[in-house]
Structures are given as structure tokens and as C-alpha cells.
Amino acid sequence: MINLIKKQSPARIIALSFAALILLGSLLLMLPCSVKDGVTLNYIDSLYTAASAVCVTGLVTVDTGNTFTALGQFIIAILIQAGGLGVTTIGAGIMLAIGKKVNFKGRTLIKDATNNTSLQGIIKLVYRIFTVTVIFELLGAILSFIVFSKDYPVIDAIGISIFHSVSAFNNAGFDILGNFQSLIRYQDNILLNFVTCGLIFFGGIGFIVVREVWAKRFRWRKFSMHTKVVLTTSAVLIIVGTILIKLTENVSLMGAFFHSVSARTAGFSTYSLDAFSRSGLMVIAALMLIGASPCSTGGGIKTTTFFVLVQGIFASATNTSEKAFHYAIPKYMFKKASIIILLALGIVMTGTYIMSILEPQFDLMSIFFEMMSAFGTVGLSLGITPELSMGSKILSICIMYTGRLGPLTVATLWHFSKGERVQYAEGNIRVG
């Protein structure tokens, strides 16, 4: 069995490790000590919760705070952490902690899991990922405790603060405050809003970017093209999202800013989305599709993919070459970005179509929003998640799993070509 796994491609091993973690998590959440007394938990809901946690999504069919004990919530936090950092990264960290070396196969897995371009310095990257995670989550928990300690006993406040920090930094969107309310009761709390946004932002821009920003002391001119693209695109999306949400919704400026940040894969909410207009929901759906950045804890098609796509379209429209920040963008990147966006939209639309058949009682907007949230591993919902049938829950799990792995990774799991032996002459086809 072990030899069979070793023969698989890195993408398949990563996919299998995520699936195995989801199954293990679902079994642990079914234990009597994980569920509160008097609460009945079906296996499909346990599986859904585990999948949502590992895929750092935040969609839930049962309320996390009212259903699970402290142990159950701890298990969910561990699943979120493992899913956010990546199973292979966690495994490598454990091996390094006990003094064992990571072999070439393991380094290749880490490279693919973190979407890195080179094996050089991959072990140092693992150390830095854990260091950055500990620093941000510890700081987030301390600042969150200042807020939660005013409403809860000290022990409870500590647990809630740690859980919230882990969930926010990993862009998971889970909360244990109860009654599916997310952070609505704290919509006017400036500290918690900005702490949560900060954790989401730094977890979402990617560990490579965080490392580079710190190493180069915030000097913009010394940043790589990747870092400049990530920071610029993220800032523009947050600003534009804030403006558009504020223009369409009756929310405070802080509320508009919070949802603009959270919609890009985090899934926390300080206002009920049921009261949002269709235009506001479309803005959030677009942000959910774009998502976070490569080598981060978030999902979506990624900010860099969106940037390359926009640059490619602009270059085609103006008959110029693709370029940014005094660098030329490789031609193949536009092709890859186009494939990713087409696969993403295809998955979301297919999921919407199937769920529309399975759940005819829900309107199309609610279903589309649900599928976009699942694919983007966001966790925002218009309230239909707990009412889904078993078939729809399984469908949603598959969409979350695909979104976490990435549509291009899933598309290449089944077939690998060593190159074509026959090459044909180029034909002519009219498009546009």
C-alpha cells in the first residue's frame, strides 16, 4: 500500500491526504465526547463539518458552538490548521521537529502543496510558515481576548480567542459563538473588526509574500514581481469592494470594509447577508471567486490569476505585450489563468445546476451564492446550508474539496502525458 502511494504523482498524494484527513476528522467528530449532551449528530453533518474545516471554508450544516463540546471544537481547530497550512507542510513540520530529514519526494510534495516554483530553500520555507503562523495566531488570540473577555468567563474567552484567531488566519470563517450569528453581535467593535481583517489579510496574501515584506523591510522597490502583484491586487480589491458594498448596502463604512476583506475566502460576517441587495451579493460573489493569493491559507482562483487575466485581456485589446512593474508576463501564464477561470466558472455553474434540481424550493441566487462560496472556500451563505438535503451536502463537499485543491490540480489528477509523438500542422479557425 505504501509503495503504491509513493508511485503516485505529488498532486494525487496531496489530494489523497486531504481526503484522508477529512474522513479521520469526521470520525473523531462523531465520538460521544465530541458532541454535547442531548445533541444528535448525523454522520453526513459530521463529514460536512470536517470537510468544511479541512477545506477552510466555514459553511456549516450544524451550529459549531451549540453542537460540539470543547474537545470537538478543538478537533475542528486542528482540522482548520492542518487544512490551512496543508497536510504535507504539517507532516514535514512534525518530521523536522522530531529530528528526521525530509527526502526528495517529501520536498517535492511541499513544493507542489505551497505552489512554490523551486525546491531551493523549501525546508526554510516550512520553518518560516510555522513561525509566521505562530506569531500571527498568538497575537490575534491576545487581541481577541481583550474583546471576548468582556462577555465571557476567562477560560471560555481564552478558548474562543484561540479558536477565532486560528479560524481567521486560516481564512476558515468558523465561529463558536452560537446560533449561526458569526460576528454580527460585534459589528461595532472596532478592535475585533480590525484584528479579524488583519488576520484574514496576512493569512490570505501568502507566506512567501509575508516573508519577503519582512525580509526587505517594507521597501517596495526591492519586492519581487509576485509580491508587488499580490499586494497591489489585494489592496485594489479591498478598496473597490468596500466602495461598491457601501454604495449598495445599508451598512457602516467599517461593515463594508469588513465584508470586502472577509468575502475573499474568510467567510466571517458582521451583518446578515439575507438583507443584502442582489447587487451587493454579486459584488461579494465576484470577490469570493477571486479569493486569496498563492501559497496562502485561502482559496479562490487567486489574485495573481485574476491579475494575469486582466493584463492579458488589456494587452489583447490594445495590441501590446503583457507586462507589469517593469517585467514581462510569460505568455503561458495567460493561457493558464484562462483555463483556471473557465474551469472555476464551469464547476460553479455545474454545481448550481445540479443543486437547482435537488433543491427546487430555493431561489437561484441563493444556490449560486452557496456554490460560489463552497468553491471559493469562503463560508458565506444566505442561510440555506443547514436545510440542504443529503445529496446537496455531498455535492457541496465535492465543490469545497475541488476549490481547496484547485480546479487545475483536480483536472490533472486522472491523466498524465509524457508528450505527444505526433505533431500536426496548424489549422485555421475563426474566433470572436
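Predicted model: local features only at pLDDT ≥ 70, side-chain atom pairs only at ≥ 80, totals over all residues.
Which residues in α10 meet residues in α13? From α10 they are Ile190, Asn193, Phe194, Thr196, Cys197 and Ile200, and their partners in α13 are Met254, Phe257, Phe258, Val261 and Ser262.

**The chain**

The chain has 432 residues, of which 55% count as buried. Its secondary structure consists of 19 helices and two strands. Among contacts with a separation of 6 or more, 69% are between residues 24 or more positions apart.

Two packed helices are described by the angle between their axes and the distance between the axes.

| Helix pair | Angle between axes | Distance between axes |
|---|---|---|
| α10 and α13 | roughly 25° | within 10 Å |
| α11 and α12 | roughly 105° | within 10 Å |
| α12 and α13 | about 130° | 8 Å |

Helix α10 covers residues 190-204 and helix α13 covers residues 253-262. Angles under 35 degrees count as roughly parallel, so α10 and α13 are roughly parallel to each other. Their crossing is left-handed.

Helix α11 spans residues 207-215, and helix α12 spans residues 225-248. With axes that cross at roughly 105°, α11 and α12 are therefore roughly perpendicular to each other. On the α11 side the contact is made by Val209, Glu212 and Val213, and on the α12 side by His226, Thr227, Val230 and Leu231.

Helix α12 also packs against α13, at an angle of about 130°. That angle makes α12 oblique to α13. Here α12 contributes Leu237, Ile238, Gly241, Thr242, Ile245 and Lys246 to the contact, while α13 contributes Leu253, Ala256, Phe257, His259, Ser260 and Val261. The crossing of α12 past α13 is right-handed.

**Core and cysteines**

How many residues does the largest nonpolar core have? The core has 119 residues, and those with the most contacts inside it are Ile80 and Ile284. Leaving aside residues up to four places away in sequence, Ile80 touches Ala53, Val56, Phe163, Val166, Ser167, Asn170, Ala172 and Phe174.

Is Cys55 buried or exposed? Cys55 counts as buried because its relative accessibility is 0%, and buried means under 20%. A search of the whole structure finds zero disulfides.

Technical notes. Residues numbered from 1 in each chain as written. Heavy atoms only, no water. Core = buried A, V, L, I, M, F, W, Y, C linked by side-chain atoms within 4.5 Å. Buried < 20%, exposed > 50% of the residue type's maximum accessible area, 1.4 Å probe, protein only. Contact = heavy atoms within 4.5 Å. Disulfide = S-S within 2.5 Å. Axes fitted to C-alpha atoms, helices over the stretch in contact; angles between N-to-C directions. Helix = DSSP H or I, 4+ residues; strand = E, 2+ residues; numbered from the N terminus. Parallel < 35°, antiparallel > 145°, perpendicular 65-115°, else oblique. Left-handed = near helix turned anticlockwise from the far one by under 90°.
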